[in-house]
Amino acid sequence: MAGFFDRMLTLDRRWIFLFVFLSVAIPIIIPIGLPVTTTGSTRSAFEFIEALQEGDIVWISFDYGPSSAPENDPMAEAIMRQCALKKLRFVVDVLYPLGGLQLANNAIGKIAEEFPKLRYGVDYVNLGYKDGAAAVMRRLGEDIAGAFPTDVNGTPLAQIPMMQGLKSLRQVKLVFTAATGLIGEWWITQVHSQIGIPVIIGPTAVSAPKYYAFLNSGQLVGMLGGMKGAAEYEKLLRGRYPQMAKFYKTTRDFTATKGMDAQTVLHTIILMFILLGNYAYFRQRAKAARA
Amino acid sequence: MAPPHIGIWIAAFLTLACFTFLYKDNPFFRFAESLFAGVSLGYYVGIVLNQTLMPNLFEPMGENFGLNWDLVVPGLLGVLLFMRYVTKFGWVSRYALAIYVTYYIGVEFTRKLHGEVMPQLGRLIRPITSLDPATLVSSVYIAGVLSVLVYFFFSKEQDAVTKRISRLGIYFLMISFGAAFGFTVMGRVALLIGRLNFLILDWIYPTLGI
Amino acid sequence: MNFDFGRVALVLLFAIVPIGGIILGIRAPALRSRIPIMVGFLAGLVPIVSLYVPKNFISGPTGMSPRLDQWLIILAGFALLLGIVNVLQTSIRKITRREAGWPFAVVLLAGLFSTGSFGIHGAISGQGIGFLPDGSPTPFKYMADWFFLPLQSTIFSLLAFFMASAAFRAFRARNTEATILLVAAGLIMAGRVPLLELFALPFPGLQPAAAGASQFLGRTTEWIMDTPNGAAQSGIIIGAALGAASMAIRVILGIERGYLGLGKGE
């Protein structure tokens, strides 16, 4: 037994990699269906959007790339589904250079297939990607066309029915930013603080702890923290709109709810690793002290 | 279920090539890594040209030069940035660099004060009008913020009192860093879940006809 | 031609002055650093002043600030492409000198030129980088969907393995601070996922108790995130923001010049 713990401290890390791989692969192959509990910050975000009126405009910013797609994609899709269900109009932009545009296009394509009655240019618009996020946000507050003269396909905004009445971000009821890194923070510290538009953020789990300070100071209306936050939002959406369950029941498409099974198993494994590692460490320390 | 098309096979091969690094460094991983670097840079070219330079620079000047004649300046400043690679005239790029950096620094200045310092101080300064659980929690919050700020004050040597307050700040920071670690584990694991979901459900299952 | 105040002022300050500075700099090397710093001072001042001075000449629709914002969107695009030249130089040197790993430099350049040329073709032909009129993806979109997206996702997903390995090998409760960190991390990791429900899966009788305990753990986790974590993060935000604001002033005033490749006294 003593030898086992001593060997543990010098275990080849490739065994740990194998454990990690199996902990994630097995719940994908054999789904468990663990329950998801919701938190206050996600519920506030959901209820804020629920309180918006038909025809209100929501600004959705894809500020993430493939490096955080499993966390942010489900959030963005859930928010767009809610907008479609509540007949809210939404404008999509992309401020993250590395892959954000592809993910936005893919997500919008998915939602357009799920809601065939949505009309491009009337119910939603995709403005595409633009460089210089901070400068873009400054322009959006006064003149959207100054930053985005055309939509993603090159159509001038003046020719898009939905954009004819929408001149600046001040006319928008909410900004939702699915973000990795600083761009999401700029929506709060630059746009909200200077224009006052409510912001909901969907950060990656890595940056989520920081945003609790912004939640406490009232600069955020709500937050969807990482894949857990996305899973919570999916649960709230299914609960309020049972017809949405069909998009989350499939075993093929990736959803945050499905991902939580693997997340739970791997957390258990990592916690066990930490406990075992510390136990072995203290045993070794005690042995050294006795010697 | 339809068998996976060539794109999925390419994506699966590249994914597995990256995963081989976990065993040890090898030519497959280095191939994937180099391809990643090259394709990322090529992606930048495509996206900047199609989404920023064409609609914001070339098309406005082409359609109405009278209204947009001044856009020649940022275009030339942009080209000037690349002069840093010309040894003899590299100093010329300082103009473009100075404008670019200091503009964004100016925006950052207003953002930091208006968007971070003032609202966070506003949360901190709350009147204590009653002794209830909410006030107790608020007091813990205020104690945390102030002790962390004392910890980060390096302009003066700490005395016995400030050392104790700093220690409290360190404890708050350790809780925060522990929470950050927990969240970081969640974040990194989520990426792996996404990739394995693709490999198993989008590649292996359709290949096997499941 | 539109000669509103904003455009003319910006052209004067950020085109005419730099041209004059370049001409003077050819003759007087000392001015090669001084005039850019002066131009930088003006560029940094515009976004700050526009926030506090609600006058037409600076923040109105025809003022300097809106137009400068549009200029910097374009300049940011060029800046993003700056690193490509460096990579090209390094890779070409590696290939011509047959340095170690030179075939991978060929792979890098192949990826760069193929994706980049598809992007350039999309811009010049007007096809764009999305879908063709017949609904099929453009070559650029194909490269992005089946090369770029999987590679980017997978490279970052490797971190999960290294994180687990690091947690096992290095995460030790060596002292009070490390113990607090460890306990907080453990509580968060346990509270954010339905861990207790997972343990109770084989025991249906225990599941209601597990659900109740899990909810309590979840609420504890949320309190930790809201209060101690929120407080610490708020302190960090205030401190870092004050530091960044003072650094911003130093850069705009030309005290910090490192970004121009200049040392102190240059």
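This is a predicted model: local features need pLDDT of at least 70, side-chain atom pairs count only at pLDDT 80 or more; totals for chains, interfaces and linings use all residues.
**Entry 1: confidence**

I started with the scores. The model has an ipTM of 0.91 and a pTM of 0.94. I then went through the elements of chain C. Helix H6(C) has the highest mean pLDDT there, at 96, and helix H3(C), residues 56–59, has the lowest, at 90.

**Entry 2: chain C against chain B**

How many residues of chain C are in contact with chain B? I got 115 from chain C, and they touch 101 residues of chain B. Next I looked up which helices of chain C take part. Those that each supply at least two residues include H1 (5–27), H2 (31–52), H4 (64–80) and H10 (207–252). Helix H10(C) gives the most to this side, with 23 residues. I also sorted this side of chain C by class and wrote down 84 nonpolar, 25 polar and six charged residues.

**Entry 3: one helix pair across that contact**

I picked H7(B), residues 160–208, and H8(C), residues 176–191. Their axes are 7 Å apart, and the helices pack at an angle of about 40 degrees. Parallel or oblique, then? Angles under 35 degrees would count as roughly parallel, so I put this pair down as oblique. The crossing of H7(B) and H8(C) is right-handed. On the H7(B) side, the contact residues include B:Ile170, B:Met174, B:Gly178 and B:Phe181. On the H8(C) side, they include C:Glu177, C:Leu181, C:Ala184 and C:Ile188. By class, this contact of H7(B) with H8(C) has 17 nonpolar residues, two polar ones and one charged one.

**Entry 4: chain B against chain A**

I turned to chain A. Here 39 residues of chain B are in contact with 47 residues of chain A. The helices of chain B that each supply at least two residues are H2 (27–63), H5 (93–124) and H7. Which helix gives the most to this side of chain B? It's H7(B), with 18 residues. The classes on this side of chain B come to 23 nonpolar, 13 polar and three charged.

**Entry 5: H7(B) inside its own chain**

I stayed with H7(B) and checked its contact with H1(B), residues 6–19. The two axes come within 11 Å and cross at roughly 140 degrees. That makes H1(B) oblique to H7(B), because an angle has to be over 145 degrees to count as roughly antiparallel. The crossing is left-handed. From H1(B), the contact uses B:Ile8, B:Ala12 and B:Thr15. From H7(B), it uses B:Arg195, B:Leu199, B:Asp202 and B:Trp203. I sorted these residues into four nonpolar, one polar and two charged.

**Entry 6: inside chain C**

Chain C is divided into domain 1 (5–80) and domain 2 (88–170). I looked up the C-alpha centres of these two domains and found them 35 Å apart.

Last, I checked H2(C) against H4(C). Their axes come within 9 Å and cross at roughly 135 degrees, so H2(C) and H4(C) are oblique to each other. This crossing is left-handed. I noted C:Val46, C:Pro47 and C:Ser50 of H2(C) meeting C:Met64, C:Ser65 and C:Leu68 of H4(C). Four residues of that contact are nonpolar, two are polar and none is charged.

Methods. Residues are numbered from 1 along each chain as its sequence is written. Chains are lettered from A and ligands numbered from 1 in the order in which they are written. Axes are lines fitted to C-alpha atoms, for helices over the stretch in contact, and angles run from 0 to 180 degrees between N-to-C directions. Helices (H or I, at least four residues) and strands (E, at least two) are DSSP runs, numbered from the N terminus. Angles under 35 degrees count as roughly parallel, over 145 as roughly antiparallel, 65 to 115 as roughly perpendicular and the rest as oblique. A crossing is left-handed if the near helix is turned anticlockwise from the far one by less than a right angle, and right-handed if clockwise. Two residues are in contact if their C-beta atoms, placed from the backbone, lie within 7 Å. Ala, Val, Leu, Ile, Met, Phe, Trp, Tyr, Cys and Pro count as nonpolar, Asp, Glu, Lys and Arg as charged, and the others, Gly among them, as polar. Domain bounds come from an automatic or database domain assignment. pLDDT is the predictor's confidence in each residue, from 0 to 100.
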